[in-house]
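Colleague: I have a model open and want to know what stands behind the terms used for it. Please take me through them.

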Amino acid sequence: MNVQTKPNDLAAFWMPFSANRQFKKAPRLFVGAERMHYITDDGRRVLDGTSGLWCVNAGHCRPKIVEAIQKQAATLDFAGTFQMGHTRAFECATRLTSIAPEGFDHVFFTNSGSESVETALKMALAYHRVKGNASKVRLIGRERGYHGVNFGGTAVGGIANNRKMFGSHVAGVDHLRHTHDLARNAYSRGVPEHGAELADDLERLVALHDASTIAAVIVEPVACSTGVLIPPKGYLQRLQAICAKHDILLIADEVITAFGRLGTAFGSDYFGISPDIITTAKGVTNGTIPMGAVFVKSKIHDAFMTGPEWVIDFFHGYTYSGHPMACAASIGTLDTYQDEGLLTRASELATYWEERVHALRGLPHIIDIRNIGLVGAIEFDPVPGEPTKRAYDRFVKAFEHNLLVRQTGDIIALSPPLIISKSEIDELFDTLTMVLKTTN
Ligand code: PXG
């Protein structure tokens, strides 16, 4: 493989969610990838412990996906889907609904998780309006939630750094309390025991604002970006029941938890919940071509199909909604998931994974370890006065030792491609153990 691709100038690219000046002094650059590994510009093979950014669920450069994209590029490069169509988009939507949880019979295409979230929030508002409940306009998120970076998602999101610079331009937003409870749940294996009652926080917001003003609640089944916060037993069911009681739509933001991450096709399957709308992206194309998909129950979709047939039913969409290349990539991805049983593979590996991640307990500075499906998180006590440094230093050191992990706050998150073998799980944790033992 040609590794002579080091750019000679890093200045022009203003990198997202990055410490640009620091990165450009000591860049970490990839030039290739294959299955479980990235290849760096200096020719090292790095074990991908994060599926890129939680998206490459089937591993890198998989042949069926590569071939589908190549063929599509040479056959139909672009066709819009506003008042026109192309066959790939319909094929892709049908394939997607066939693996979705019961009742999710319709798909609206976007280009990212952020756009899926905006789409779902707007759908929820418009749904109540077409049903004659125009006063239901409030949107409820959760502290420490992440729903992308557009205005709606930023507003319902609950990460202070993502919000504080940008004002608050979406009116009528409130937040549930988060579910992270180290005092009661530290070192839980899988779903923690304590905290289902935190779902009753929604009743508090209903009492405050009145249900007649609330359109939707959006939560991630597992809040991954903010450090893998796993909901306590019964919490999501309780939240769903309260939403149903007050005619509040429940949006499950499954941008990370869909497509096999927890060992089921969707996170909603794992937790046995049935939300009204499910947002996805990332794994829908194995990260190859940007795409998002919002899954909708017929109850929502059909509510829009009541006016004159020639009138546009939902005034929303993107130039690239259902882009042919993305649809082809998604079909190739679904074929790969299906051929290799990847949507359930995490459940087969979960016990082995859990043992290895919890075996890190006792290494310096660790204050909690969490796991679910093929997701792990290690939380550290912060360096006094220097939050995030503890985990950042470990992330850099792991990369130097050919392992890619993801750092968020003082937490390291792990989410390898679902094709990982047991010996690669061993390699991942052997390297990490060495790194955690030898970093201050
Ligand atoms: N919702 C959820 C639940 C997400 O996890 C988004 C929306 C936004 O998706 P886009 O495609 O617009 O980025 C996300 C994205 C990390 C990390 O390391 C997580 C995300 C993105 C980048 C990094 O935790 N999640």
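Modeller: We take the domains, then the sheet, then a helix pair.
Modeller: This is a predicted model; local features need pLDDT of at least 70, side-chain atom pairs count only at pLDDT 80 or more, and totals for chains, interfaces and linings use all residues. Residues are numbered from 1 along each chain as its sequence is written.

Colleague: How do you know where domain 1 and domain 2 run?
Modeller: Domain bounds come from an automatic or database domain assignment. That gives domain 1 as 20–58 + 341–438 and domain 2 as 66–339. Their C-alpha centres lie 26 Å apart.

Colleague: What makes the contact between the two domains?
Modeller: Two residues are in contact if their C-beta atoms, placed from the backbone, lie within 7 Å. Domain 1 puts in 33 residues and domain 2 puts in 30. On the domain 1 side, H14 gives the most, with 9 residues.

Colleague: How does the domain 1 side of that contact divide by class?
Modeller: Ala, Val, Leu, Ile, Met, Phe, Trp, Tyr, Cys and Pro count as nonpolar, Asp, Glu, Lys and Arg as charged, and the others, Gly among them, as polar. The side that touches domain 2 has 17 nonpolar, 10 polar and 6 charged residues.

Colleague: Why are S4 and S6 at the edges of the sheet?
Modeller: Strands (E, at least two residues) and helices (H or I, at least four) are DSSP runs, numbered from the N terminus. Two strands pair if DSSP finds at least two bridges between them. The open sheet has 7 strands in the order S4-S10-S9-S8-S7-S5-S6, with mixed pairing. S4 (104–110) and S6 (173–176) each have a single partner strand, so one side of each is left without a neighbour in the sheet.

Colleague: How do you know that S9 and S10 pair?
Modeller: S9 (277–280) and S10 (292–297) share 4 bridges, in the antiparallel sense. The definition asks for at least two. So they qualify as a pair. Ile278 has Phe295 of S10 as its bridge partner.

Colleague: What is the angle between H4 and H13?
Modeller: Axes are lines fitted to C-alpha atoms, for helices over the stretch in contact, and angles run from 0 to 180 degrees between N-to-C directions. H4 (87–99) and H13 (324–339) pack at about 35 degrees, with axes 9 Å apart.

Colleague: Why is the crossing of H4 and H13 called left-handed?
Modeller: Left-handed means that the near helix is turned anticlockwise from the far one by less than a right angle; clockwise is right-handed. H4 passes H13 in the left-handed way.
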